[in-house]
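Have a look at the structure, then read on.

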Amino acid sequence: MERTALRGRLTWQFGTVAGVVEETARTRSIALELPDWPGHRAGQHVDVRLTAEDGYQAQRSYSIGSAPEDHDLVLTVEEIADGEVSPYLVEELHVGDSLELRGPIGGYFVWEASLGGPLLLLAGGSGVVPLRAMLRHHLASESDAPLRLLYSARSLEDVIYRDELMSVPADAEIDVRFTLTRSQPAGWHGYAGRVDRKLLEEVAWPPSEHPLVYICGPNGFVEAAASALVDLGHAPARVKTERFGPT
Amino acid sequence: MEALDGNAIAGALFAVFGREMTTAVSVCANCGATGPVAETRVYLRGPGVVARCSRCSAVLLVLVEIRGVTCVDLRGLAEPLKGV
């Protein structure tokens, strides 16, 4: 980020697709090799630009799902029906293809180990992507800040990074929890239903512990979670939000 | 249409201002609310991008790109964006 800021401009560059992972039926992670990447901070995003043969261009923002310490830059993209960019990224992009992007972008919704915690991450749907970068950065930097991730998804099949998140070793510092809002498998031990004040009272640290909170998801999810936390007495300045949505 | 927030226009603002602007503080000329640009409500689907005050919904800034040139109208800001 410092290097980008010093350069004073944001340049478009091409990356090469090094791998793809189908995360859910509609979501895919794309690992990119970028020869001229200045590095990023957990929570930042990139702008991706597609150019048609006739010169028409479409551009969208995607959060980075990898930690700064990871080898490849990983974008995780949810396919939006009738979208202009995401169907190409999720269905047509192959290993070895080029992808044009600029970044890293954003300085607000960013967590670095030096910021400490306790760190409360609230994810709604594909809003988990930048929060997963923070979790991986936490692990890679061996941060001792307590971290709690609450991930709200419609069903178990909709959980992005499912195997990775469900195998994070539960220890004193890291605590990953799920709530499934529409359907729960038999024997489900996680939460059911939407993230609301009652659930946050149970999951969040009390305001007296001054947790640093990052909320990412659709507008309705972010508004509900942020206002519930402020109602519970958390300082608005400690609650950072990022809204995702079809654009 | 669902609102996004100022994080969504970080790239466009960087391209115009030459640096990260979502942590800059905006002051609403209508209601006086102050806060980081990242917390403004952003609508991308108009014939241009509109960022509105998260408290009173007044238009703070408009970005329109035409043939590769971005025009910025900071009509709703009481003072210039303050960097951090």
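## Core and sheet

In this predicted model, the largest nonpolar core has 31 residues, and Leu131(A), Tyr151(A), Leu165(A) and Tyr214(A) touch the most other members. Such a core is a set of buried Ala, Val, Leu, Ile, Met, Phe, Trp, Tyr and Cys residues joined through side-chain atoms within 4.5 Å; buried means under 20% relative accessible area (1.4 Å probe, protein chains only). S7, H3, S8, S9 and S11 of chain A each give two or more residues to this core, with H3(A) giving the most, six residues. Helices (H or I, at least four residues) and strands (E, at least two) are DSSP runs numbered from the N terminus.

Leaving aside neighbours within four places in sequence, Leu131(A) is in contact (heavy atoms within 4.5 Å) with Phe109(A), Leu121(A), Leu122(A), Ala123(A), Leu149(A), Tyr214(A) and Cys216(A).

Now the sheet: six strands of chain A form an open, parallel one in the order S10-S9-S8-S7-S11-S12, where pairing needs at least two DSSP bridges between two strands. S10(A) and S12(A) stand at the edges with a single partner strand each, so one side of each lacks a neighbour in the sheet. S11(A) and S12(A) pair over six bridges, and Ile215(A) stands opposite Thr241(A).

| Helix | Residues | Angle |
|---|---|---|
| H3(A) | residues 128-140 | about 150° to S7(A) |
| H6(A) | residues 219-231 | about 155° with S11(A) |

Residues are numbered from 1 along each chain as its sequence is written, and chains are lettered from A and ligands numbered from 1 in the order in which they are written. Local features need pLDDT of at least 70, side-chain atom pairs count only at pLDDT 80 or more, and totals for chains, interfaces and linings use all residues, while side-chain values use heavy atoms, leaving out hydrogens and water.

Key
Axes fitted to C-alpha atoms, helices over the stretch in contact; angles between N-to-C directions. Buried < 20%, exposed > 50% of the residue type's maximum accessible area, 1.4 Å probe, protein only.
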